[in-house]
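Here are some questions about a ligand and its surroundings. Each answer sets a value against a definition.

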Amino acid sequence: MTSEHWDSMYRDKGRVNVSWFEEHPQQSLDLITRFAPPTASVIDVGGGASDLASELLAANFTDVTVLDLSSEAVAHYADLKVATAVGDVRTWQPPRTYDVWHDRAVGHFMTSPDDQLGYLSTLRAAMAPSGIAIIEGFAPDGPESCSGLAVRRGFPTLASQLLSDEFDCRASGGFIHVTPWGAEQAFEWVVLARV
Ligand SMILES: C[S@@+](CC[C@H](N)C(=O)[O-])C[C@H]1O[C@@H](n2cnc3c(N)ncnc32)[C@H](O)[C@@H]1O
């Protein structure tokens with residue numbers, strides 16, 4: 001899970017030729033707009049070079065931040081009114097809080113208890129008191145790896161359990177992502193509200 005690994009993925013393949021690319025981040029957009037108004041601040045952790053931030057701006061969200069380990073990915077946002085940060089979600093020190101924490105497919109790389117602890121303490125530090133966390137990752141019957149790296153399948157449910165002292169699970173579900181070359185990947189998602 002090094003920045004070199006991810007930089008070379010984006011540099012060598014291009015953002016639209018990676019397995020996680022989607023033409024429209026509809027699932028994420030639907031969940032964010034269902035649980036938060038456009039006045040909410042949103043951080044997309046491990047946001048990569050997706051179109052979610054620009055679609056949020058188009059939906060009248062004005063306070064959008066993308067955090068990613070890869071500076072190659074983050075360069076995608078240069079011409080957008082989006083705040084960016086290059087950092088590791090396991091150790092990043094948030095300079096402020098956010099109403100919405102959105103993660104599509106970075107938490108599931110947290111395979112060890114130490115990684116999971118780091119991710120969850122960043123989430124706790126970054127989220128506003130009544131914030132919403134939307135976490136999407138491979139389902140228990142999804143792929144065992146992504147981008148050549150092992151994943152923790154079912155990470156959203158695990159995160160929901162590990163955060164249950166402070167967060168209520170408001171909704172959960174699943175969806176199938178179809179990669180640019182037609183392979184199907186089972187995802188699960190949870191929406192957690194800080195109480
Ligand atoms: C599978 S991609 C998903 C990208 C984006 N969320 C999407 O749905 O298109 C995982 C992303 O997480 C980033 N990443 C991997 N490990 C990370 C870490 N420890 N901290 C922050 N970002 C990380 C990668 O650079 C990559 O952009």
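A polar contact is a pair of N or O atoms within 3.5 Å. The model is predicted, so local features need pLDDT of at least 70 and side-chain atom pairs 80 or more, while totals for chains, interfaces and linings use all residues. Residues are numbered from 1 along each chain as its sequence is written, and side-chain values use heavy atoms, without hydrogens and water.

Q: Which polar backbone atom is 2.9 Å from a nitrogen atom of the ligand?
A: One of V89. For L69, the distance from a polar backbone atom to a ligand nitrogen is 3.2 Å.

Q: Why is the pair of W101 and Y119 called edge-to-face?
A: Rings of Phe, Tyr and Trp (its six-membered ring) pair if their centres lie within 6.5 Å; planes under 30 degrees apart count as stacked, over 60 as edge-to-face and the rest as tilted. The W101 and Y119 centres are 5.5 Å apart and the planes are at 90°, so the pair is edge-to-face.

Q: How many aromatic pairs does a search of the whole structure find?
A: The search finds 7.

Methods: A polar contact is a pair of N or O atoms within 3.5 Å; within protein, one must be able to donate a hydrogen and the other to accept it, and residues adjacent in sequence count only if both atoms are side-chain atoms.
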